[in-house]
Amino acid sequence: MSAIPVLMLLFSAAMKFTGSPQLAEGFGHLGWPVGQALGLGVLELTVTLLYVLPWTRVLGAILVTGYLGGAVAAHVRIGDPFWVQVLLGMLAWGGLYLRDKRLRELLPMTR
């Protein structure tokens with residue numbers, strides 16, 4: 001379950017390092033200067049790696065949630081659908097819930 005958001009975030013971060021015309025088009029659509037791509041790519045890669053590493057996975061999940069929250073806000077601002085970003089956040093936390101016993105103890109599923 002965790003692999004889906006990790007792969008999507010890694011792909012998205014990698015695209016921000018390409019400088020491709022599609023990148024410029026996407027940033028233009030969002031109303032962002034393309035010069036912000038490198039910084040966002042580094043941020044996205046950093047929070048994803050923190051999520052993947054076992055000893056920082058909870059911090060990483062919190063930071064991934066914040067990053068995806070910014071993505072949701074950007075899409076809401078221009079009237080685009082934002083369900084993909086919400087779904088990635090849910091998958092990230094769901095995967096962490098299944099991997100981390102401490103989180104299951106903190107938030108037990110009860111009837």
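In helix α3, the buried residues are Ala37, Leu40, Gly41, Glu44, Val47, Thr48 and Tyr51; buried means under 20% relative accessible area, exposed over 50% and partly exposed in between, with a 1.4 Å probe and protein chains only. Seen down the axis of α3, these buried residues fall within an arc of 140°, so they line one face of the helix. The arc is that of the directions from the helix axis to the C-beta atoms. The model is predicted: local features need pLDDT of at least 70, side-chain atom pairs count only at pLDDT 80 or more, and totals for chains, interfaces and linings use all residues. Residues are numbered from 1 along each chain as its sequence is written, and side-chain values use heavy atoms, with hydrogens and water left out.

**Overall build**

- The secondary structure of the chain comes to 6 helices and 0 strands; helices (H or I, at least four residues) and strands (E, at least two) are DSSP runs, numbered from the N terminus.
- Read from the N terminus, the elements run α-α-α-α-α-α.
- Along the principal axes, the C-alpha atoms fill a box of roughly 50 × 30 × 15 Å.
- Of the 111 residues in the chain, 35% are buried.
- Among contacts between residues at least 6 apart in sequence, 57% join residues at least 24 apart; contact means heavy atoms within 4.5 Å.

- The 16 residues of α3 should span 22 Å at 1.5 Å a residue, and the end C-alpha atoms are 22 Å apart, which agrees. The expected span of a helix is 1.5 Å times one less than its number of residues.
- The buried residues of α3 pack against α1, α2, α4 and α5.
- Thr48 sits in α3. Its relative accessible area is 1%, so Thr48 is buried.
- Not counting residues up to four places away in sequence, Thr48 touches Val6, Leu9, Leu10 and Val64.

**Helix α1**

- Helix α1 (residues 3-16) has 14 residues and reaches 20 Å from its first C-alpha to its last, close to the 20 Å expected at 1.5 Å a residue.
- Pro5, Val6, Leu9, Ala13 and Lys16 are buried in α1. They cover an arc of only 100° around the axis, which puts them on the same side of α1.
- The face turned away from the buried side of α1 carries the exposed residues Leu7 and Phe11.
- Packing partners of the buried α1 residues are α2 (21-30), α3 (37-52), α4 (57-78) and α5.

**Helix α4**

- α4 has 22 residues, which should span 32 Å at 1.5 Å a residue; the end C-alpha atoms are 32 Å apart, which agrees.
- Buried in α4 are Arg57, Gly60, Ala61, Val64, Tyr67, Leu68, Ala71, Val72, Ala74 and His75. Down the axis of α4, the buried residues fall within an arc of 160°, so they line one face of the helix.
- These buried residues pack against α1, α2, α3, α5 and α6.

**Helix α5 and Ala92**

- Ala92 lies in helix α5. Its relative accessibility is 1%, so Ala92 counts as buried.
- Leaving out residues up to four places away in sequence, Ala92 touches Ser2, Pro5, Tyr51 and Val64.
- Met1 and Ala92 are 91 residues apart in sequence, but 7.3 Å apart in space, C-alpha to C-alpha.

**Asp100 in the α5-α6 loop**

- Asp100 is in the loop between α5 (83-99) and α6 (101-106). With 2% relative accessibility, Asp100 counts as buried.
- A polar atom of the Asp100 side chain lies 2.9 Å from the backbone nitrogen of Arg102.
- Apart from its neighbours within four places in sequence, Asp100 is in contact with Arg57 and Val58.

**Largest pocket**

- The largest pocket holds about 730 Å³ of space; the volume is the space filled by probe spheres set on grid points, which are joined across faces, edges and corners.
- A pocket is an open set of points on a 1 Å grid over the protein atoms alone, where a 1.4 Å probe fits, with protein on both sides within 12 Å along at least five of seven lines; lining residues have an atom within 4 Å of a point.
- The lining of the largest pocket has 25 residues, of which Ser12, Lys16, Leu30, His75 and Gln85 lie nearest the centre.
- α1, α2, α3, α4 and α5 each supply at least two residues of that lining. α4 gives the most, with 7 residues.

How values were computed:
A polar contact is a pair of N or O atoms within 3.5 Å; within protein, one must be able to donate a hydrogen and the other to accept it, and residues adjacent in sequence count only if both atoms are side-chain atoms.
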